[in-house]
Amino acid sequence: MAGRAYLDWNATAPMRAAARAATVVALDAGNPSSVHAEGRAARAVVERARAEVAAAVGATPRQIVFTSGATEANALALSPGLELCDGHAHRDGLAVSAIEHPSVLRGHRFGTLPVETVAVDCDGVAQPATVAEALARLVARGAVRPLVSVMLANNETGVIQPVAAIASAVHAAGGLLHVDAVQALGRIPLDFRGLGADLMTVSSHKIGGPKGAGALVVGPRVAHIASPLIGGGGQEQGRRAGTENVPAIAGFGAAAAEAVAELAVAADRMLGLRRHLAERLLAAAPDALELGAAVPRLPNTVAVSLKGLSAETSVIAFDLSGVAISAGSACSSGKVAASHVVEAMGHPGLAGSTLRFSIGSTTTEADLDRAIGVWRTVVGALANRQGKAA
Ligand code: PLP
């Protein structure tokens, strides 16, 4: 089998050469908290990466808190212990969209406080009016200082959420907004200031940096995180204790700089490839549904559902033919779970019948054509089985 076609960039992106080089060099770094020359050199590496990540997301370096990844950044953000500049009130309730990543849905720290789910429409969009309804339900339950979490782009469908309008609705209700922007970074322009969010999460390995680094971006309205996840030293302005993972952070910075520098060209190219792929997938299976096709989406993601298709066995068939794709939500055990995103979009019958193809800057048309060939075989076999059963 000649090589493989890797079409699972939303799970993790191949490491960029620049990120690899920066990571390897930083393996020899000292402790950034040490005052001697070795320590100061390590501090310079971390601060350079901080400036690169800040520039990539439209924030200032002081707003960046490095973490071990997006899962940790989400858990750090989603806690009642957030204090505002104009008072010291804690958050007393949480609203999350139904299509969030499990690190939001299950990783938040609101315990027994009221938590409301924001439904999405059939295109997979959390409408600002629906967010306002969830906020009203929180008020009815006694929560008047809510935190809201809505992702910028969904990892399974690529559907982009109207975050700026949601931010206005949340702020009008006295709330704070957290945005998981993990899948948006490097695929669409990302501007923390322009979004109007108060907190934002990004991850290194989704943009070709090393695994084990991410960041929480903390906006000016959040004065203090009173409940850090890890206590200890005063690193990251006391928001995240522990010696910084200097190699991973250095690689993250290099990846962020490169991803943003190439964004305009890469996004155009990916969009062309995405269309090439989607057209051919649907031509081979006219009954298939392309999720979120009617609304703005990432240029790199195609999710297709087909009644009767087993996503789990299809992923294996693709893998055996040298093509890496994914199905709905992949559990850490490697087992494929039914997609809560597809269910939330009103297609419970398709939650185990959805495949995700996600591409990146080095994907070629030949990679896609190989996937299309496997898809034709898979849907042909399904049609055969259904024909026999009829
Ligand atoms: N949020 C979203 C939208 C994701 O897609 C992922 C990874 O799949 C995460 C959070 C978690 O990222 P990390 O692997 O950096 O913890």
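Me: Why is Pro 114 called buried?
Reply: Pro 114 has a relative accessibility of 11%. Buried means under 20% relative accessible area, exposed over 50%, and partly exposed in between, with a 1.4 Å probe and protein chains only. Pro 114 therefore counts as buried. The model is predicted: local features need pLDDT of at least 70, side-chain atom pairs count only at pLDDT 80 or more, and totals for chains, interfaces and linings use all residues. Residues are numbered from 1 along each chain as its sequence is written, and side-chain values use heavy atoms, with hydrogens and water left out.

Me: Where does Pro 114 lie, and which residues does Pro 114 touch?
Reply: Pro 114 belongs to the loop between helix H4 (102-105) and S5; helices (H or I, at least four residues) and strands (E, at least two) are DSSP runs, numbered from the N terminus. Leaving aside residues up to four places away in sequence, Pro 114 touches Asp 92, Gly 93, Leu 94, Leu 138, Arg 141 and Ala 143, where contact means heavy atoms within 4.5 Å. Asp 92 is 22 residues from Pro 114 along the chain, with 7.4 Å between their C-alpha atoms.

Me: What makes S2 and S5 edge strands?
Reply: The open sheet has seven strands in the order S2-S9-S8-S7-S6-S4-S5, with mixed pairing. Two strands pair if DSSP finds at least two bridges between them. Strand S2 (64-67) and strand S5 (115-118) each pair on one side only, and they are the edge strands.

Me: How many bridges join S6 to S7?
Reply: Three bridges link strand S6 (residues 146-149) with strand S7 (residues 176-180), and the two run parallel. Ser 149 stands opposite His 178 in S7. Helix H5 (residues 128-140) packs on the sheet, touching strand S4 (93-97), S5 and S6, and its direction makes about 165° with that of S5. Axes are lines fitted to C-alpha atoms, for helices over the stretch in contact, and angles run from 0 to 180 degrees between N-to-C directions.

Me: Why does the radius of gyration agree with that of a compact globule?
Reply: The radius is taken over C-alpha atoms, and the globule rule is 2.2 Å times the number of residues to the power 0.38. For 390 residues a compact globule would have a value near 21 Å; the protein has 21 Å, so the two agree. The C-alpha trace spans about 70 × 55 × 35 Å along its principal axes, and 54% of the 390 residues count as buried.
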